[in-house]
Amino acid sequence: MTFTRLPDLALRTYGGSVTAASDESFAERDALIRPGPATFQPHTFGARGQVYDGWETRRRREPGHDWAVVRLGLPGVIRGVVIDTAWFKGNYPPYASVEACAAGGHPAPGELDGWVEIVPRSGLGGDRVHEFRVDDPRRFTHVRLNIFPDGGVARLRVHGEVVPDRAFLDGLTVDLAALENGALVTGCSDEFYSSPNNVLAPGLARDQSEGWETARRRDGGNDWLEVALAGPGTVAVAELDTTNLKFNAPGWAALSGADARSSGPGGPRAWFPLLPRTRLQPDTRHRFRLDDPRPVTHARLDIYPDGGLARLRLLGSLLP
Ligand SMILES: NC(=O)NC(NC(N)=O)C(=O)[O-]
């Protein structure tokens, strides 16, 4: 699997923040982790110059280089970094590198230490997407983008596997299907309009695009997705949220569970029902108490016949 299929651990909507930068005279650092591709309108000049949807520093007149620190919304193992210089044509940085560090607690940017290089100083082009594979098995909480010597970067994507802090999971009732707890969509019938991992994202979906939406289905079948949960656990409450799906909510949904420890991670899943086929309403947060005490490692959501979902929450507890 290409690393760009993994969640972007730095994404603003996953709780990421650009906490410091050496300079942001031309365009604000926050744009680096905005969802979606960068936009551009030529000949749009503000008080600071041409307006860019990205982070852009001033032309340096002294030695040194510019940098921006990003706190990952979802700490984890970084599998690859994307540096996108979209629309920066005469003002892109010719070189960049990326460092990462792991910090506990809630440090201020200046208190971070133990930086290690995860992308060596590499050449960049203007208005281009650059993908760098990362091969370091450690869990990181922050990254630092260095650009040499200055210029503009539209987006920084930090793809990887979420590794949650177990201290905030063990012995508690948590969302076993949350991206931030380490859950991940492992299979899906259709992602025509938007990614199925969206249903595991933190917070509420602000609009239809922040949920999962499938194409209209014409073959008599039904759409579905499969989630690897945060770990083996029992599910007490299922929340199926169709918020923002007003004319395209599924008519019905069913939920199943499976314990992959009995069949092996790649083996066939022995699904058993957690919630029978149940009628759904558009634009509604549905909550259901489940009463099956069997532990599960995976969940499968079937929607009938198509549509999508804003969020899927599976509240329960991990096995000790
Ligand atoms: N935001 C800018 O105006 N940047 C630059 N200039 C133009 N025209 O884009 C530059 O780097 O001097």
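**Notes on the predicted model**

1. His43 is found in the loop between β1 (17-21) and β2 (45-46). The residue has a positive phi of about 55°, although His43 is not a glycine. Is His43 buried or exposed? His43 counts as exposed because its C-beta neighbours inside 10 Å number 6. For background, most residues other than glycine have a negative phi.

2. The average pLDDT of the protein is 97, and 99% of the residues score at least 70. For the complex, the predictor gives an ipTM of 0.95 and a pTM of 0.95.

3. Asn244 lies in the loop between β15 and β16 (252-258). With 21 other C-beta atoms within 10 Å, Asn244 is buried, whereas His43 counts as exposed. Asn244 passes the limit for a buried residue because that limit is 20 or more other C-beta atoms within 10 Å.

4. The bond from Phe148 to Pro149 is cis, with omega near -10°, and Pro149 lies in the loop between β9 (139-148) and β10 (152-153). The bond from Tyr304 to Pro305 is also cis, with omega near -15°. Pro305 is found in the loop between β19 (296-304) and β20 (308-309). In general, most peptide bonds are trans.

5. The domain assignment divides the protein into domain 1 (3-162) and domain 2 (166-318). Between their C-alpha centres there are 32 Å. Six residues from domain 1 and six residues from domain 2 take part in the contact. What kinds of residue make up the side of domain 1 that touches domain 2? That side consists of four nonpolar residues, two polar residues and no charged ones.

6. Val163 lies in the loop between β11 (155-162) and β12 (174-175). Val163 counts as partly exposed, because 16 C-beta neighbours fall inside 10 Å. Leaving aside neighbours within four places in sequence, the contacts of Val163 are Pro75, Gly76, Val77, Arg139 and Gly182. Val163 and Thr141 are 22 residues apart in sequence, and their C-alpha atoms are 9.8 Å apart in space.

7. The largest nonpolar core holds 77 residues, of which Val70, Ala177 and Leu200 touch the most other members. Strand β5 (residues 66-84) gives the most to this core, namely eight residues. The core also draws at least three residues from each of domain 1 (3-162) and domain 2 (166-318). As a general point, nonpolar side chains tend to be buried together in soluble globular proteins.

8. Which residues does Val70 contact, leaving aside its neighbours within four places in sequence? They are Ala10, Gly16, Val18, Leu32, Ile33, His142, Val143 and Leu156.

9. Cys101 is found in strand β6 (residues 95-101). Because 18 other C-beta atoms lie within 10 Å, Cys101 is partly exposed. Phe140 is 39 residues from Cys101 along the chain, yet their C-alpha atoms are separated by 5.4 Å.

10. Glu239 has its place in strand β15 (residues 223-241). With 15 C-beta neighbours inside 10 Å, Glu239 counts as partly exposed. Not counting residues up to four places away in sequence, Glu239 touches Arg285, His286, Arg287, Arg311 and Arg313. Asn181 is 58 residues from Glu239 in sequence, and the two are 16 Å apart in space, C-alpha to C-alpha.

11. The last point concerns the ligand. Which residues surround the ligand? They are Phe26, Gly49, Gln50, Tyr52, Glu56, Arg59 and Asn91. This shell divides into two nonpolar, three polar and two charged residues.

Technical notes:
Residues numbered from 1 in each chain as written. Predicted model: local features only at pLDDT ≥ 70, side-chain atom pairs only at ≥ 80, totals over all residues. Helix = DSSP H or I, 4+ residues; strand = E, 2+ residues; numbered from the N terminus. Buried ≥ 20, exposed ≤ 12 C-beta atoms within 10 Å, placed from the backbone. Contact = placed C-beta atoms within 7 Å. Near = placed C-beta within 6 Å. Nonpolar A, V, L, I, M, F, W, Y, C, P; charged D, E, K, R; others polar. Domains from an automatic or database assignment. Core = buried A, V, L, I, M, F, W, Y, C linked by C-beta atoms within 7 Å. pLDDT = per-residue confidence, 0-100.
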